[in-house]
Structures are given as C-alpha cells and as structure tokens.
Amino acid sequence: MIERLQKIIARAGVASRRRAEDLILAGEVRVNGKVVTELGTKADPEKDSIRVAGRLLRLSERRILLALNKPDGCVSTLSDPSGRPTLRDFLAGVSGRVFPVGRLEYHSTGLILLTNDGDLAARLFAALGRGLPQTYHVKVKNPLTAAEIETIGRRVGPIRPSRPGPNPWYEVRLARARHDRLRKIVGDMGHLVEKLKRVAIGPIELGDLPTGRWRAVTEKESRQLDEALKRLPAGARPSGARAEQT
C-alpha cells in the first residue's frame, strides 16, 4: 500500500511521525537507493527498499500494544547505565521491538503502555498532556481532611477514598496534571505519600495483572483508546514521543 514516508517510518516504530519528517528533511532517508527530502513523497513498504539512517526499514506485521504492571524499584526505560532493573527485565516472551510511552517514577508502580508503533506512541504522549485521564491509587500516611480533599480535587483532579484506615488509600483521576505534582501537593499538606500506583490510562485498565507481568491490550481496548484520542482537543504538534526502543 502506498503511503507517505513519514507515516511508514512511524508505523515501523523507528520514530514518531514528526521525528520522521525531520529525518527526511535531513537527508537521512533513502528510497530504492535515492535520497528523499520531500515530505510529500510516498512509497510502498512492500515493494520499495526504504532505509533510515542507513538501516533497512522492516515493518512489523501487526501493531503491538502491551500493558505492563511496573514493580517498585524499576526504572521506566529499557536500559539503565547504573545497572538498575528496567522494563526490559519484565518483557520475556514479547515478540518484536517495543518501547514505553511515558514513565513512572522509580518507586511508583502500575500501568505502563509499550508499543512498536512510533506514530501511536507520539499521539499517546501528546494526549497525556491534553487531557487523556490517568487514574492512580495513592496511599497516604494519615487520613486527609475534607478541606485537603477539596484542595487536591481543585488543583489536581477528582479524588475519593477507596480504602479506609489509619493510612488510607485514595483514588485520584488526573487530566493534564502529573503524578509528581500530586506527590508534591500532598507532601506540602504534611502527608507522606507511601505508595503511588497507576491503575488506568484512558480506557485501558491495569485490572488484576500481577506485578512484573505484561498482557496484550485487547482489540476492543485498542479501539476504545483510538476513539479517546480522537475526542481530545487539538493541541501542539508533538515533537516526538519519549520512547526508547529495545
């Protein structure tokens, strides 16, 4: 099928569509041995030889989208110069290259999405800053007061108790806000955030997925995610996803 080069490159998981455009303009893309610098150029990935920065492009047969339950004490990348555990350590059995979309802090746990589709990764990363909701469970040392709950709801997003007790859990739904901001706001109130776990990104939920395990996102979830991305307001064009290939 004939498509624009930047779309083919993004679909292959090499880079986001915007980054693919930069590579084309920089003369890093060759089609059938000829350098291409025009953004409107089209090609057929099944018939044409496409090289990006000297590497032959090979399209995956299908889009891979995974949900991983990140454990505590793991960096949200595929490699770490300090030798700490990474997401790669929990991807046994994954066929094909995938990379994470966005990150969780070292001691935060829960849902991380990984894909081999650079275009989807760029759209997802941009969506996290444009209102795609993320749901977190947060364990706080000592219960929050009604006034504190109201303040968090106003500054971060809707919050409700989910598990009572002396060190209760709360469910917080973030849109546009970052989870590190949640930690700071709660900390400024004099409460220690003991645990922070992401349990949903848009329509995709962590469910009962065990810690350190992954599952394939279902076709239904994938369609729901695509629809959620389409409904978001238009924003600044992403310069590229924060992703790292394996």
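**Gly110 has Arg198 as its bridge partner in S13.** This close-up, like the others, comes from a predicted model, in which local features need pLDDT of at least 70 and side-chain atom pairs count only at pLDDT 80 or more, while totals for chains, interfaces and linings use all residues. Residues are numbered from 1 along each chain as its sequence is written, and side-chain values use heavy atoms, with hydrogens and water left out. S9 and S13 run parallel and are joined by 2 bridges. Helices (H or I, at least four residues) and strands (E, at least two) are DSSP runs numbered from the N terminus, and two strands pair if DSSP finds at least two bridges between them.

**Strand S9 (residues 109–115) is largely enclosed by the rest of the structure, because 7 of its 7 residues are buried.** Here, buried means under 20% relative accessible area, exposed means over 50%, and partly exposed lies in between (1.4 Å probe, protein chains only). S9 pairs with strand S7 (residues 65–70) in the antiparallel sense, over 6 bridges. Look for Ala67 opposite Leu113 of S9, and for Lys70 opposite Gly110 of S9. Strand S8 (residues 99–101) also runs antiparallel to S9, with 3 bridges joining them; Phe99 stands opposite Thr115 of S9. Strands of a sheet pair through backbone hydrogen bonds, either parallel or antiparallel.

**Strand S7 is buried along both of its sides.** Leu65, Ala67 and Asn69 point one way from S7, whereas Leu66, Leu68 and Lys70 point the other way. In a regular strand the side chains alternate between the two faces of the sheet. With 6 of its 6 residues buried, S7 is largely enclosed by the rest of the structure. S7 also pairs with strand S15 (residues 214–216), in the antiparallel sense and over 3 bridges. In that pairing, Ala67 stands opposite Arg215 of S15.

**Helix H5 (residues 179–188) buries His179, Leu182, Ile185 and Val186.** Why do these four sit on the same side of H5? They cover an arc of only 110 degrees around the axis, which puts them there; the arc is that of the directions from the helix axis to the C-beta atoms. An α-helix has 3.6 residues a turn, so residues three or four places apart point the same way. The cover over the buried residues of H5 includes strand S10 (134–140), helix H4 (146–155), strand S12 (169–174) and strand S13 (193–201). On the face turned away from the buried side of H5, you will find the exposed residues Lys184 and Asp188. Gly190 follows H5, and its phi is positive, near 90 degrees.

**Asp119 belongs to helix H3 (residues 118–128).** Is Asp119 buried or exposed? It counts as buried because its relative accessibility is 16%. Leaving aside neighbours within four places in sequence, Asp119 is in contact with Ala10, Ala15 and Arg17, where contact means heavy atoms within 4.5 Å. The C-alpha atom of Asp119 is 9.3 Å from that of Val14, although the two residues are 105 residues apart along the chain.

**An open sheet of 4 strands has the order S3-S2-S5-S6.** The pairing in this sheet is antiparallel. Which strands form the edges? They are strand S3 (34–35) and strand S6 (55–56), each of which pairs on one side only. Strand S5 (residues 50–52) joins S6 over 2 bridges in the antiparallel sense, with Leu56 of S6 as the bridge partner of Arg51.

**The whole protein has 6 helices and 15 strands.** The protein has 246 residues, and 45% of them count as buried. Among contacts with a separation of 6 or more, 68% come from residues 24 or more positions apart.
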